[in-house]
Amino acid sequence: MTGDGLLAHHRLREGEGTPLVLLHGFPLDSRMWHDIVPLLPGSFPVLALDLPGMGASPSGHDVALRLQVPDVPSVELQADAVADTLAELGVDRAVVAGLSMGGYTVLALLERHAWLLAGAALVDTKAGADTEEARANRLRIADEVERSGTVDEVLGMRRAVLGETSREQRPGLVDRVDGWIRDQGPAGVAWCQRAMASRPDRYDALRAYDGPVAIVVGDEDELSPVADAEAMRDAARDAELTVVRRAGHMTPIENPEPVAAALVALVGRVSV
Ligand code: MLT
């Protein structure tokens with residue numbers, strides 16, 4: 001891999017062959033993947049990106065300017081920014097894994113840049129669109145974080161993203177997620193909420209993709225429940241489902257071993 005990229009990218013492991021690219025959830029950044037890396041055998045490179053407005057990446061506004069597209073928050077723009085970044089890094093094919101919001105980005109990549117994807121992992125995510133109520137709530141939260149100039153409105157997610165077992169038995173995980181959320185800027189949080197609010201149902205993109213797919217879900221995930229993961233498994237042509245025990249919506253930190261195993265199995269299914 002060479003060159004700079006539009007989005008902030010973190011080379012978590014150098015190596016040979018098709019890279020594994022990791023896309024984080026909301027309202028977080030690429031650090032949520034760090035526990036996985038030491039659990040990945042093999043020598044393939046591992047790269048984590050920060051999505052627009054999050055972590056060390058430029059704002060959605062700046063990304064839109066750079067890509068010369070309308071300055072409107074969207075998951076499509078997230079996907080185009082990922083594709084542009086990988087192209088700048090000299091990556092023409094990758095296995096891409098996304099958690100929740102990152103999974104929405106992977107689904108948009110399937111629709112817009114399928115040639116890039118040697119394999120896709122959909123972790124703690126869903127392919128359906130929001131209900132009207134969920135959409136309205138996202139827009140309300142976006143307005144509120146902008147009005148307050150803080151991320152207070154989304155701090156409740158430090159507990160909501162964890163499963164019941166983690167909430168009761170591992171308070172350190174709540175603190176860890178809390179720290180990651182507090183590191184994000186209100187503008188980026190608002191931009192992502194508006195982007196996710198506008199995303200369409202992407203079951204058709206999943207049905208059309210003929211590469212290998214890994215679907216991973218925590219059995220205590222209350223935000224993207226097991227039923228959503230099963231529906232994606234049924235829609236995809238070549239999918240394997242991993243249900244992670246005693247984990248909620250943050251399987252890579254709550255129970256990383258089975259997540260790493262599912263990603264390694266996916267890399268092994270990729271045709272070279
Ligand atoms: C996430 O973890 O990325 C969020 O739960 C996504 C969402 O709000 O739908």
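An open sheet of seven strands runs through this predicted model, in the order 1-3-2-4-5-6-7 and with mixed pairing. Strands here are DSSP runs of E with at least two residues, helices are runs of H or I with at least four, and both are numbered from the N terminus. Two strands count as paired if DSSP finds at least two bridges between them. Strand 1 (9-13) and strand 7 each have a single partner strand and stand at the edges, so one side of each has no neighbour in the sheet. From one strand to the next, the twist averages 20°. As for what holds such an arrangement together, strands of a sheet pair through backbone hydrogen bonds, either parallel or antiparallel.

A word on the ground rules before going further. Residue numbers start from 1 along each chain as its sequence is written, and side-chain values use heavy atoms, with hydrogens and water left out. Since this is a predicted model, local features need pLDDT of at least 70 and side-chain atom pairs count only at pLDDT 80 or more, while totals for chains, interfaces and linings use all residues.

Arg11 lies in strand 1, and at 31% relative accessibility it counts as partly exposed (buried means under 20% relative accessible area, exposed over 50%, and partly exposed in between, with a 1.4 Å probe and protein chains only). Helix 2 (residues 75-88) lies across strand 1, strand 2 (20-23) and strand 3 (46-49), and runs at about 135° to strand 3. Such angles run from 0 to 180 degrees between N-to-C directions, with axes as lines fitted to C-alpha atoms, for helices over the stretch in contact. Thr85 sits in helix 2 and is buried, at 0% relative accessibility. Leaving out residues up to four places away in sequence, Thr85 touches Gly5, Leu6, Leu7, His9 and Leu49, where contact means heavy atoms within 4.5 Å.

Next comes the pairing of strand 4 (94-99) with strand 5, which is parallel and spans six bridges. Val96 has Ala120 in strand 5 as its bridge partner. How many of the residues of strand 5 are buried? Seven of its seven are, so to speak, under cover. Ala97, in strand 4, is buried too, with a relative accessible area of 0%. Beyond its neighbours up to four places away in sequence, Ala97 touches Leu20, Val21, Leu22, Leu23, Trp33, Val106, Ala121 and Leu263.

Setting aside neighbours within four places in sequence, Leu263 is in contact with Leu20, Leu22, Trp33, Ile36, Leu40, Ala97 and Ala121. Leu263 is also among the residues with the most contacts inside the largest nonpolar core, along with Leu23, Trp33, Leu109 and Met250; that core has 95 residues. A nonpolar core is a set of buried Ala, Val, Leu, Ile, Met, Phe, Trp, Tyr and Cys residues joined through side-chain atoms within 4.5 Å.

At the strand 7 end, strand 6 and strand 7 pair in the parallel sense over six bridges, and Val217 stands opposite Val243 in strand 7. Helix 10 lies across strand 5, strand 6 and strand 7, at about 170° to strand 6. The buried residues of helix 10 (residues 226-235) are Val226, Ala229, Met232 and Ala235. An α-helix has 3.6 residues a turn, so residues three or four places apart point the same way. Strand 5 (117-123), helix 9 (203-208), strand 6 (213-218) and strand 7 (239-244) are included in what covers those buried residues of helix 10.

Phe26 and Pro27 are joined by a cis peptide bond, with omega about -5°, and Pro27 is found in the loop between strand 2 and strand 3. Ser100 is not a glycine, yet its phi is positive, near 50°; Ser100 is buried, with a relative accessible area of 9%. Arg246, likewise not a glycine, has a positive phi of about 55° and lies in the loop between strand 7 and helix 11 (251-254). At 48% relative accessibility, Arg246 is partly exposed.

Finally, the rings. The charged end of Arg13 sits over the ring of Phe44, 4.7 Å from its centre, and that of Arg199 sits over the ring of Tyr104, 3.9 Å from its centre. The criterion is NZ of Lys or CZ of Arg within 6 Å of the ring centre and within 35 degrees of the ring normal.
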